[in-house]
Amino acid sequence: MRISPTDLVLEIGSGNNPRTRSDILCDFAIEDDGERGGQIVADRPIVEGDAQALPFRDGAFAYVIAAQVLEHVPEPERMLRELMRVASKGYIETPSEIAEWLYGWEFHRSVVREDQGKLVVRRKDFTSPFGQLFHELARIDPEFRRFHDTHGHVLLVRHEWEGRIRYEVEAERMAETTATAAGASDALLAVLSELRERKRPSRWPRRWISEIKRLVPRSLAAWGKSVVARTRPRRRVDLREVVVCPACRGDVTWSETIVTCSRCAIDYPIVNGIARLRPR
């Protein structure tokens, strides 16, 4: 990611595994782990907010990270516009369509692909019958887990943008069978084309990285990342400097237990030290 040392970085949907470079975190449901891999990490300034109505000032950040978020939201175009509103550049990551077919996340609402530098988003119109099988393989089978860890180019869409996000939201198709067949075919052709064009580097480095990741307990890895995040030099920013009302973008005032919008007078609670700034 093209992040400068002085950039103020926001991470949307930081969940249980935020990036060490992120300065401020934002997640939709602080206390609900149903759509993430574990308990929320709150080792730096964090607020609860909706990616479709972010509680931050226009242009407050130099860079915004949104990994494994876009596929969750009901209105992806609103989220993409919000990312461009609060930051001048950023990184978006989602599962590829092939990954959606393999793992079958029932709570994902959209399927994303990249077409000549443009994100193409459509409503998820299929249910995979294989999800339980491949999730279990990833959990218990080292060989399959190694495949998962070393084939991000097949299983992930990774899109870095600057200035504006090039995107298209596809209209819903009339026939589900036609939609799924066309979508799967598009995804397969794109991956095959990439595999044929790319040089095949040695997989040994990636295999060793995969082995190390498998051997290190997730709790220990999360603790190590948290230590690095807390000790690395970072810009110190008071949340009061960047937060606005998510409903009207008015200025807010803070008390010990409530954040209040000075324009529309909506109160947002502060629970366990975290401001809950989701629109009502």
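Helices (H or I, at least four residues) and strands (E, at least two) are DSSP runs, numbered from the N terminus. The structure is a predicted model, in which local features need pLDDT of at least 70 and side-chain atom pairs count only at pLDDT 80 or more, while totals for chains, interfaces and linings use all residues. Residues are numbered from 1 along each chain as its sequence is written, and side-chain values use heavy atoms, with hydrogens and water left out.

Select the six strands that form an open sheet in the order 3-2-1-4-5-8, with mixed pairing; two strands pair if DSSP finds at least two bridges between them. Strand 3 (46–48) and strand 8 (156–162) stand at the edges with a single partner strand each, so one side of each has no neighbour in the sheet. From one strand to the next, the twist averages 15°; axes are lines fitted to C-alpha atoms, for helices over the stretch in contact, and angles run from 0 to 180 degrees between N-to-C directions.

Next, display strand 5 (residues 89–95), which pairs with strand 8 in the antiparallel sense over seven bridges. Here Glu-93 stands opposite Arg-158 in strand 8.

**Second stop: helix 1 and Met-79**

Helix 1 lies across strand 1 (9–12), strand 4 (63–67), strand 5 and strand 8, and runs at about 155° to strand 4. Select Met-79 within helix 1 (residues 76–86). Is Met-79 buried or exposed? Met-79 is buried, because its relative accessible area is 0%; buried means under 20% relative accessible area, exposed over 50%, and partly exposed in between (1.4 Å probe, protein chains only).

Leaving out residues up to four places away in sequence, Met-79 touches Ala-51, Gln-52, Ala-66, Val-69, Leu-70 and Val-73, where contact means heavy atoms within 4.5 Å.

Move to the loop between strand 4 and helix 1, where His-72 lies. His-72 counts as buried, at 12% relative accessibility. Apart from neighbours within four places in sequence, His-72 is in contact with Glu-35, Phe-107, His-108 and Arg-109.

Select strand 6 (residues 110–115) and strand 7 (residues 118–123), which run antiparallel and are joined by six bridges. These two strands form a hairpin with two residues between them, and Gln-116 in the turn has a positive phi of about 55°. Asp-115 stands opposite Lys-118 in strand 7.

Val-169 in strand 9 is the bridge partner of Val-121.
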